[in-house]
Amino acid sequence: MNPLLTVVLDRVRSLMPARGDFAVMGRSPRRDLLAGLTVAIVALPLALGFGVSSGLGAEAGLATAVVAGALAALFGGSNLQVSGPTGAMTVVLVPIVAQYGPGGVLTVGLMAGVLLIALALMKAGQYMRYVPAPVVEGFTLGIACVIGLQQIPNALGVAKPDGEKVLAVAWRAVVEFARAPNWTAIALSLGVAAVMLLGARWRPTVPFSIVAVIAATAIAQVFHLDAAAPIGELPSGLPAPSLAFLDLSVLGSLLAPAVAVAALAALESLLSATVADGMTVGQKHDPDKELFGQGVANLAAPLFGGVPATAAIARTAVNVRTGASSRLAALTHAAVLAVIVFAAAPLVSKIPLAALAGVLLATAIRMVEVGSLRAMAKATRSDAVVLVLTAAATLVLDLVYAVIIGLVVAGALALKAVASQARMDQVDFRPDLPGEHGDEEHALLAEHIVAYRIDGPVFFAGAHRFLLELSEVADVKVVILRMSRITTMDATGALVLKDAVEKLNRRGIAVMTSGIRPGQRQALEAVGALDLLRYEGREYATTPEAIAGARKHLEQAGLLPRRHRPHRIRKAAR
């Protein structure tokens, strides 16, 4: 067998569910079943709402919750994760629906599944830890704003205006509402949102979302509120799996949206798994298995008419808080939703769109953690800038661009902060003078020698700031560079150092170095700087040895009287 194929197959086997994953499911089945039922009640209105918001309809949200929820639970890397349609994914899907239609969204889901599995095979899950917290908080805030704005048309009871930009669409909906106000719709949506928000404060364990939706549906039916448009007819069951939607001619143009969907699915799923671990004791997810599970889920969901899925932080949190301890809870959640699809489709179809808009408005509000935002804003100015910029980019552009912008800006500000730690200080070298020296000799040495200690990283972001100043030192004959405190050095830093030394040498100033560490030698040698620093044996292990070399240089230049008596070189810090 091909060695590469063998490696890939071994990697796939390592990502498949293990016997221990299923053994855990038998430890507390009653608690897991109850937790799964509770999550299903919470997830039902969200699945319907996100399906409608995506543009593919409520049935797509239900299909995603059932199929993706079950497969992600089976193949994922977390015992507590609950997956399905999410608001963040809806934000990405809306422009895809507008440009490519429903078939484009389903194709993107398949492609994203393949990409997620590829990421799992490449062990990319571990890199999630490098996403800064301000970027996460920023795009969460931006997503919450976008989800809220997306609900404006249904909350106001007007047809959704054409367009991809959520701000423009929301504004047109408000203008349309002003022309012909629909007070029934707005009363239902605000009423549902109020019940959810106030009820969560009063009794956090009660699923007020389903209570509010049932109440709104009952009111609309009893009072025959024609202005409260219902979801519409739902199929009584999942459709047969099909690839009829797949259009191979557009795969190339859908690659960029698929990358965006896969990136979001990976980011949100690994974030959710991390949150779940933090809420429990003894639970730890496998990030690569989680990516694999999400990949399998996104490969299957489109076949049944579902939208791309990801782990849901809110539903996962409910799962943990209600006592879930294994994958049985998430599987139960999917099974309960499947029963609802098959047995209660006619009832679900009567839910007013305005009620679902209220559910999502309340969800958007609850996504915003004011305490976390305040902490990030107060931490440092850089954190505040990254948070605000990421949130604004999410609102104005899209989520993937927002994350990229946030990461780039956060990286640039971090580099600036690290670079500012590097410095070059002139130091008094006299305590390190070897042997006995009189006052007159001390004065002569101080007149012709200057010593600098370089601290911190010497790399592209900060090397130019101080190393170029080195070439502008006062008129001396010897410069001693103490380099033992350099923490890191790259090619740029080595080149700038080489340039400064060459300029000093052209002015007739000898450069002595001490304490070059092994980690610095590779960069110095690669750019040819090490040979320059070794010129005429001017590299020394310790500072006293460098000073002795500087004195010898001055003696040969006739600037110091030659010393004929031997002297001891005492050992000192480099």
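Trainee: By class, how many nonpolar, polar and charged residues does the lining of the largest pocket have?
Mentor: The lining has 26 nonpolar, 9 polar and 7 charged residues. Here Ala, Val, Leu, Ile, Met, Phe, Trp, Tyr, Cys and Pro count as nonpolar, Asp, Glu, Lys and Arg as charged, and the others, Gly among them, as polar. Keep in mind that this is a predicted model, where local features need pLDDT of at least 70 and side-chain atom pairs pLDDT 80 or more, while totals for chains, interfaces and linings use all residues. Residues are numbered from 1 along each chain as its sequence is written, and side-chain values use heavy atoms, leaving out hydrogens and water.

Trainee: Which residues lie nearest the centre of that pocket?
Mentor: I313, A314, A317, R321 and R366, out of 42 lining residues. The volume of the largest pocket is about 1300 Å³. A pocket is an open set of points on a 1 Å grid over the protein atoms alone, with protein on both sides within 12 Å along at least five of seven lines; lining residues have an atom within 4 Å of a point.

Trainee: What about cavities, how many of 30 Å³ or more are there?
Mentor: The search of the whole structure finds 2. A cavity is a set of grid points where a 1.4 Å probe fits but cannot get out. The largest cavity has a volume of about 40 Å³, and its lining includes S78, E290 and R327.

Trainee: Where is S78 placed?
Mentor: S78 is in the loop between helix 4 (58-75) and strand 1 (83-84). Helices (H or I, at least four residues) and strands (E, at least two) are DSSP runs, numbered from the N terminus.

Trainee: Is S78 buried or exposed?
Mentor: Buried, at a relative accessible area of 4%. Buried means under 20% relative accessible area, exposed over 50%, and partly exposed in between (1.4 Å probe, protein chains only).

Trainee: Which residues does S78 touch?
Mentor: Leaving aside residues up to four places away in sequence, S78 touches A273, H285, E290 and R327. Contact means heavy atoms within 4.5 Å. A polar atom of the S78 side chain also lies 3.2 Å from the backbone nitrogen of L80 and 3.3 Å from that of Q81.

Trainee: Switching to strand 7, how many of its residues are buried?
Mentor: In strand 7 (residues 510-514), 5 of 5 are buried. A510, M512 and S514 point one way, and V511 and T513 the other.

Methods:
A polar contact is a pair of N or O atoms within 3.5 Å; within protein, one must be able to donate a hydrogen and the other to accept it, and residues adjacent in sequence count only if both atoms are side-chain atoms. Grid points are joined across faces, edges and corners, and a volume is the space filled by probe spheres set on the points.
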